[in-house]
Amino acid sequence: MTQTNSGWKPRIGRLFRSITRILFLLVAILSLTYWWNPQKIHYPQRQLINSPRVDPDLATLISPQTRITVVVGHPDDAEFFISGTLLKLKGQITLIVVTDGDKSYYPPFTTNVNENRRVRRLEQTTASASYHAKVIFLGGPDGRYDPDEPALRDRLRQTMIASKPDYIIAFESEYVPTIQHRDHENSGKATLELASQTSAKWALLFATNSPNFYFDTTGTWTKREELLAVHASQFYGEKLERVKGFVMSKAENEGEIIGTETAEAFRAIKLKP
Ligand SMILES: [Zn+2]
């Protein structure tokens, strides 16, 4: 009996303990990576099915007298997601960028955060000149924007109110894609929560999987390509081509829905009568 016990049974016990330890370590590493990573996974997705189309007073939206406040997570978000719309708006645009996209939390940690900040702010200001936007940087932490952090939230609130918007454009934070950057979602969440304190009558939310309004962006593609290339620290060489391809096919697909060359999709929410 003693011989048998020191044979296969203890060996199986040891093997089981080793496997348990490896699995535990693996789960710990994956959890830590997920916690660190700025992307969030939403599964199952929240989505509004068959929601009716909404007209957010299109004539007012494109009027030269209209003020539009756009809130994004990083320098380049406006160009990546909605520059077709921004290029066609004739009113006064204020672009609020909540973080500097300085990559302070990405490995390797030797990255020059101040230089990243300088370059990315310059790229954003250069790109935004094409659609005559006033750009305001809030300087929040890249990858870790906290929508409830009191000082940042107050700066966002004050900046939004001071811009006296008729329309607010921001990231969707409720019906988001399966994978979403936390700065995108959190900037959208804070913006929507604060929107009722501003003069805005409409909120237009982009990067949504429940659109109810499509803005015709026909004729803006050449300029959009140029604007993506302005963010040369992010999009260059092969990557620039990939990004252009992705943005173009999304614009074409959304255009197909309303029968135009290209379009951009939003979820329009009425804030005030
Ligand atoms: Zn971004």
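Trainee: So buried means under 20% relative accessible area, exposed over 50%, and partly exposed is in between. Where does K223 fall, buried, exposed or partly exposed?

Mentor: K223 has a relative accessible area of 33%, so K223 is partly exposed. Keep in mind that this is a predicted model.

Trainee: Noted. Which residue does K223 pair with in a salt bridge?

Mentor: E226. The closest N and O atoms are 3.1 Å apart. Both residues sit in helix α9, which covers residues 221-230. They are 3 residues apart there, about one turn of the helix. E226 is partly exposed too, with a relative accessible area of 41%.

Trainee: How many salt bridges does the structure hold?

Mentor: It holds 16. Take R118 and E115 as another one. Their closest N and O atoms are 2.9 Å apart.

Trainee: What separates R118 and E115 along the helix?

Mentor: About one helical turn, because they are 3 residues apart in helix α6. R118 counts as partly exposed at 49% relative accessibility. E115 is partly exposed as well, with a relative accessible area of 33%.

Trainee: OK, and R153? Which side chain does R153 meet in a salt bridge?

Mentor: The side chain of E193, at 2.8 Å from N to O. R153 belongs to helix α7 (residues 150-162) and E193 to helix α8, so this pair ties together parts that are 40 residues apart in sequence.

Trainee: Is R153 buried or exposed, or partly exposed?

Mentor: Partly exposed, at 21% relative accessibility. The cut-off for buried is under 20%. E193 is partly exposed at 35%.

Trainee: Which residues are linked in a network of salt bridges?

Mentor: D100, D102, R117 and R121.

Trainee: Switching to the metal. Which residues coordinate the zinc ion?

Mentor: H74 through ND1, D77 through OD and H184 through NE2, at 2.1 Å. The donor residues are spaced H-x2-D-x106-H in sequence. D77 lies in helix α4 (residues 77-81) and H184 in helix α8 (residues 182-195), so the pair ties together parts 107 residues apart in sequence.

Trainee: Is D77 buried or exposed? And H184?

Mentor: D77 counts as buried, at 2% relative accessibility. H184 is buried with a relative accessible area of 8%.

Trainee: Now the surface. Which residues form the positive surface patch?

Mentor: R11, R14, R17 and R21. R14 is in helix α2, residues 8-36. With a relative accessible area of 47%, R14 is partly exposed.

Trainee: And which residues form the negative surface patch?

Mentor: D216, E252, E256 and E261. E256 is found in helix α10, residues 237-258. Its relative accessible area is 65%, so E256 is exposed.

Trainee: Backbone next. Which peptide bond is cis?

Mentor: The one from Y43 to P44, with omega near -5°. P44 is placed in the loop between β1 (39-41) and α3 (58-61).

Trainee: Last topic, the whole chain. How many helices and strands does the secondary structure come to?

Mentor: There are 10 helices and 9 strands. The C-alpha atoms fill a box of roughly 90 × 45 × 40 Å along the principal axes.

Trainee: What share of the residues counts as buried?

Mentor: Of the 273 residues, 45%. D77 at the zinc ion is a buried residue.

Note on methods: Residues numbered from 1 in each chain as written. Predicted model: local features only at pLDDT ≥ 70, side-chain atom pairs only at ≥ 80, totals over all residues. Heavy atoms only, no water. Helix = DSSP H or I, 4+ residues; strand = E, 2+ residues; numbered from the N terminus. Patch = residues over 30% accessible without salt bridge, like charges linked within 9 Å, V, L, I, M, F, W, Y side chains within 5 Å. Areas by Shrake-Rupley, 256 points an atom, 1.4 Å probe, with all protein chains shown as cover. Salt bridge = Lys/Arg side-chain N within 4 Å of Asp/Glu carboxyl O. Lys, Arg positive; Asp, Glu negative; His and termini not counted. Charge placed at Lys NZ, Arg CZ, Asp CG, Glu CD. Buried < 20%, exposed > 50% of the residue type's maximum accessible area, 1.4 Å probe, protein only. Donors = N, O, S within 2.8 Å, 3.2 Å for Na, K, Ca; no water.
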